[in-house]
Amino acid sequence: MSITFSDLGLKEPINKALVDLGYVTPTLIQQKAVPQIISSKEDLKAFAQTGTGKTAAFSLPIVEQADENSKVTQAIILSPTRELAVQIGKNIEDFTKYIPKLNVTTVYGGANIEQQIKQLRKGVQIVVGTPGRTVDLIRRRALKLDNVNWLVLDEADEMLNMGFKEELDKVLEATPDTKQTLLFSATFPREVEAIARNYMHNPVEITSGEKNQGSDNVTHEYYNVTEKTRYEALKRVADVNPNIYAIVFCRTRRETQLIADQLIQDGYNADALHGDLSQNQRDSVMEKFRKKNIQMLVATDVAARGLDVNNLTHVINHKLPDQIENYNHRSGRTGRAGNKGVSIALVNRKERGKLSPIERILKKKFVQTPIPTGKEICEKQLFHLIDKIEQSEVNSAEIDSFLPSIYEKLSSFSREELIQKFVSLEFNSFLSYYENAPDLNKINDRGRDRDSSSGRGSRMSSDNMTRFFINLGRKDRLNPAKLMGLINEQGIDKNVEIGAIDILDTFSFFEIDNNYEAFTLEAFEKSRPEFNGRNVNIEITKERKGRRRSSSSRRRSGGSDRSSGGGNRGFGRTINKSNNNSSGQSSERRRNNNPRKNRRR
Ligand code: AMP
């Protein structure tokens with residue numbers, strides 16, 4: 001017989017609240033953590049992914065034991081992001097619904113601190129906070145942790161990833177030695193182990209499954225891509241899954257915005273979520289995503305942390321995370337609450353090396369999956385359309401009055417002809433878009449051949465490079481190494497391919513992988529670097545090596561190239577422009593008739 005919440009020995013008001021929430025069976029981590037924390041004062045180290053029910057696992061025993069008649073703060077729960085903190089606070093409010101004197105307050109940065117101080121002054125037994133704001137409130141003496149019985153470090157790995165080590169130390173210092181520390185983490189890299197070693201006393205270890213292992217409900221797939229096909233592959237994944245509801249993970253804020261802009265421009269229900277957005281913008285994007293008004297949320301790891309969505313169909317790694325442990329966090333966003341999910345990694349040749357270490361953590365193999373062909377996509381879209389027609393409700397009241405004249409107009413067509421026409425109306429755009437679309441799997445292979453036969457390792461051919469003019473030359477004591485240093489300092493992308501460099505007397509040229517054309521312009525424009533006291537300017541020049549004009553005409557040429565894209569240098573459009581010129585995608589792109597754009601929603 002399966003265990004229920006009433007078997008865990010929680011008091012009646014909590015059980016009642018859990019019934020209201022529809023919680024019947026405790027999850028594995030709850031079955032292990034709740035009785036352990038209630039019955040023992042020992043510290044606890046719990047291996048738990050998001051989606052395993054870990055919030056209730058640490059909150060319920062605290063709610064069970066907290067003294068609602070005392071006004072002092074008895075529990076402090078630290079969480080890496082505002083969103084996650086708010087979510088934990090809300091969960092605890094739900095659990096304490098029938099214990100009215102037990103109060104919880106959530107404190108986080110970016111919100112009015114005075115208001116939070118006022119709340120704390122009223123006397124709250126449970127405080128949930130982000131590390132920075134918690135330390136701030138301790139410093140202002142608005143938050144006193146001397147009587148804390150429980151300290152929870154939720155998503156400890158993320159907090160350390162985000163650079164909160166110092167804040168964690170400060171909070172730990174403010175709490176008494178007698179407290180019970182509960183550390184929850186999906187992964188246990190060295191830094192988390194160090195926290196456990198230094199601040200916990202012989203902690204009991206529990207796990208919601210095997211350490212660091214991914215959910216059983218998630219299958220892991222990888223698609224071989226090149227930089228030329230990465231974005232097209234992403235679109236095809238979306239097109240072959242018409243009901244996709246996914247987070248597309250990117251490594252940087254810039255990459256996130258770029259991919260989201262491109263998807264939006266290409267007619268997808270997508271939006272970006274990253275730290276450059278204001279809190280209001282982030283809240284609004286998350287709300288739209290929760291309501292499924294957005295099908296694909298392009299996000300950074302950090303920004304997506306607080307998003308509580310249980311029914312994602314896919315997690316897509318547009319680029320794998322720098323720290324492989326984060327793959328687990330990402331893929332754990334799907335396959336939750338008993339649902340199945342797919343985690344897809346788009347990997348180029350270099351990135352493929354990251355798959356084996358991830359497989360070792362997951363104890364699961366990635367399945368190599370071919371990028372869907374145009375034919376497969378058309379087939380999927382066609383049957384999706386038929387399903388939609390089959391399921392669509394007819395609003396008789398609204399259309400009845402038009403029907404006689406519509407029947408009249410279409411009376412010459414047979415049933416078969418009418419079906420053909422209606423289906424074609426919706427479907428033609430997909431068909432024509434993908435009609436002559438290249439097999440991206442073959443482009444990968446050709447790319448590999450070309451790379452390996454070039455004799456230059458993975459260097460790209462000039463066709464894939466954008467040539468830049470830079471207003472520095474030998475006279476400025478520029479040399480290739482210094483130029484590369486200068487480019488690298490702009491933080492474009494550490495994997496960006498730099499091609500030929502020509503240093504001349506008063507100016508020079510360098511080539512950059514044309515996928516990074518816009519990034520490069522943007523990066524230099526943003527940081528406005530100086531070199532030996534001179535302001536640095538770069539411009540795109542379309543000239544190829546060996547076809548140079550005089551320096552003055554070259555300058556003009558560079559200038560006019562740049563101004564021809566003037567006002568047009570938002571990421572999406574500039575990148576699009578470069579993609580249009582790139583091999584592999586051109587036949588699809590040149591038509592510029594994205595099927596989604598032509599469809600009426
Ligand atoms: P968490 O891992 O705490 O973020 O929880 C993931 C999701 O599962 C949240 O939406 C919870 O509300 C839900 N949840 C947690 N525990 C249970 C349970 N025992 N029964 C049903 N849903 C649960």
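Q: How are helices and strands defined, and how many are in the protein?
A: Helices (H or I, at least four residues) and strands (E, at least two) are DSSP runs, numbered from the N terminus. In the protein there are 26 helices and 20 strands. This is a predicted model: local features need pLDDT of at least 70, side-chain atom pairs count only at pLDDT 80 or more, and totals for chains, interfaces and linings use all residues. Residues are numbered from 1 along each chain as its sequence is written, and side-chain values use heavy atoms, with hydrogens and water left out.

Q: What percentage of the residues of the protein count as buried?
A: Buried means under 20% relative accessible area, exposed over 50%, and partly exposed in between (1.4 Å probe, protein chains only). Here 53% of the 601 residues count as buried.

Q: Which helix is largely enclosed by the rest of the structure?
A: Helix H10 (residues 230-240) is, because 11 of its 11 residues are buried. Among them are Arg-230, Glu-232, Lys-235, Arg-236 and Asp-239. An α-helix has 3.6 residues a turn, so residues three or four places apart point the same way.

Q: Which residues come nearest to the ligand?
A: A residue is near a molecule if one of its heavy atoms lies within 4 Å of it. Of the 15 residues around the ligand, Tyr-23, Thr-25, Gln-30, Gly-53 and Thr-55 come nearest. Ala, Val, Leu, Ile, Met, Phe, Trp, Tyr, Cys and Pro count as nonpolar, Asp, Glu, Lys and Arg as charged, and the others, Gly among them, as polar. By that scheme the shell has 3 nonpolar, 9 polar and 3 charged residues.

Q: Which polar atoms lie by the oxygen atoms of the ligand?
A: A polar contact is a pair of N or O atoms within 3.5 Å; within protein, one must be able to donate a hydrogen and the other to accept it, and residues adjacent in sequence count only if both atoms are side-chain atoms. An N or O atom in the side chain of Tyr-23 is 2.6 Å from a ligand oxygen. Polar backbone atoms of Gly-53, at 2.8 Å, and of Thr-52, at 3.1 Å, also face a ligand oxygen atom in this way. Taken alone the ligand exposes 490 Å², and the protein buries 80% of that.

Q: Is Thr-73 buried or exposed?
A: Thr-73 counts as buried, at 10% relative accessibility. Thr-73 sits in the loop between helix H3 (54-65) and strand E2 (75-78). A polar atom of the Thr-73 side chain lies 3.0 Å from the backbone oxygen of Val-124. Contact means heavy atoms within 4.5 Å. Not counting residues up to four places away in sequence, Thr-73 touches several residues, including Val-124, Gln-125 and Leu-143.

Q: What is the phi of Asn-202?
A: Most residues other than glycine have a negative phi. Phi of Asn-202 is near 35 degrees, a positive value. Asn-202 is in the loop between helix H9 (190-199) and strand E7 (204-207). Asn-202 counts as exposed, at 69% relative accessibility.

Methods
Areas by Shrake-Rupley, 256 points an atom, 1.4 Å probe, with all protein chains shown as cover.
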